[in-house]
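Me: I have a new model open and would like to learn how to read it. Could we begin with the rings?

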Amino acid sequence: MDHLAPETLRLLGHIAEQQVVILVDGGSTQNFVQEHLVHSLGLPTWTTPSLKVMVGNGHQLHCHLLCEAIPVCVQDVTFSINLHILTLCGANVVLGMQWLKSLGHVLTDYNALSMKFFSGGQIIEL
């Protein structure tokens, strides 16, 4: 599995029966979903105040739409996640610090490309 940066993990998941590539990125403050995926799945959107997003090439993009409480399933675990809509390349979904902080304590092993945390009284390993 190729790696973009040492603080990222790549996972496969599902949104509404559609397989998605998920990038868990500790360097991203928010969660994002590809704009074309939102349209193809017909996900409901909400207008938000403009959010400036700096992407890897140093450019700033403006995000003003949000999908709230979207069920994202990863390895039989479903998370309800707010996703800002952005034109992304590579991954369908980026889960950043907004999501990671919601998990509580997370043990990440970048050698094994895995993460562990407690949810619902059990250890979840992705």
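Reply: Happy to. Rings of Phe, Tyr and Trp (its six-membered ring) pair if their centres lie within 6.5 Å; planes under 30 degrees apart count as stacked, over 60 as edge-to-face and the rest as tilted. Searching the whole structure by that rule gives 3 aromatic pairs. One of them joins phenylalanine 79 and tryptophan 99, edge-to-face, at 5.3 Å centre to centre and 90° between the planes.

Me: What should I keep in mind about the source of these values?

Reply: This is a predicted model, where local features need pLDDT of at least 70 and side-chain atom pairs count only at pLDDT 80 or more, while totals for chains, interfaces and linings use all residues. Residues are numbered from 1 along each chain as its sequence is written, and side-chain values use heavy atoms, with hydrogens and water left out.

Me: Which elements hold phenylalanine 79 and tryptophan 99?

Reply: Helices (H or I, at least four residues) and strands (E, at least two) are DSSP runs, numbered from the N terminus. Phenylalanine 79 sits in strand E6 and tryptophan 99 in helix H2, 20 residues apart, so the pair links distant parts of the chain.

Me: Is tryptophan 99 buried or exposed?

Reply: Buried means under 20% relative accessible area, exposed over 50%, and partly exposed in between (1.4 Å probe, protein chains only). Tryptophan 99 has 4% relative accessibility, so it counts as buried. Phenylalanine 79, at a relative accessible area of 10%, is buried too. Tryptophan 99 also forms an edge-to-face pair with phenylalanine 117, 6.5 Å centre to centre and 85° between the planes. Phenylalanine 117 lies in strand E9, 18 residues from tryptophan 99, and is likewise buried. Together, Phe79, Trp99 and Phe117 make one aromatic cluster.

Me: How do I read a nonpolar core?

Reply: In soluble globular proteins, nonpolar side chains tend to be buried together. A nonpolar core is a set of buried Ala, Val, Leu, Ile, Met, Phe, Trp, Tyr and Cys residues joined through side-chain atoms within 4.5 Å. Here the largest core has 28 residues, and those with the most contacts inside it are Ile15, Ile22, Leu83, Trp99 and Met115. Elements that each supply at least two of its residues include strand E1 (8-15), helix H1 (35-41) and strand E9 (114-119). The largest share, 5 residues, comes from E6. A second, separate core of 8 residues includes Val53, Cys63, Leu86 and Leu88.

Me: What does isoleucine 15 touch?

Reply: Contact means heavy atoms within 4.5 Å. Setting aside neighbours within four places in sequence, isoleucine 15 is in contact with several residues, among them Val20, Leu37, Ile70, Leu83 and Val93. Isoleucine 15 belongs to strand E1 and is buried, with a relative accessible area of 1%.

Me: Where does threonine 45 lie?

Reply: Threonine 45 is in the loop between H1 and strand E4 (46-54). At 35% relative accessibility, threonine 45 is partly exposed. Its contacts, not counting residues up to four places away in sequence, are Val38, Leu65, Leu66, Cys67 and Ile85.

Me: And how do I read a sheet?

Reply: Two strands pair if DSSP finds at least two bridges between them. An open sheet of 3 strands here runs in the order E8-E9-E10, with antiparallel pairing. Strand E8 (106-109) and strand E10 (122-125) are the edge strands, each pairing on one side only. E8 and E9 pair over 4 bridges, and threonine 108 stands opposite methionine 115 in E9.
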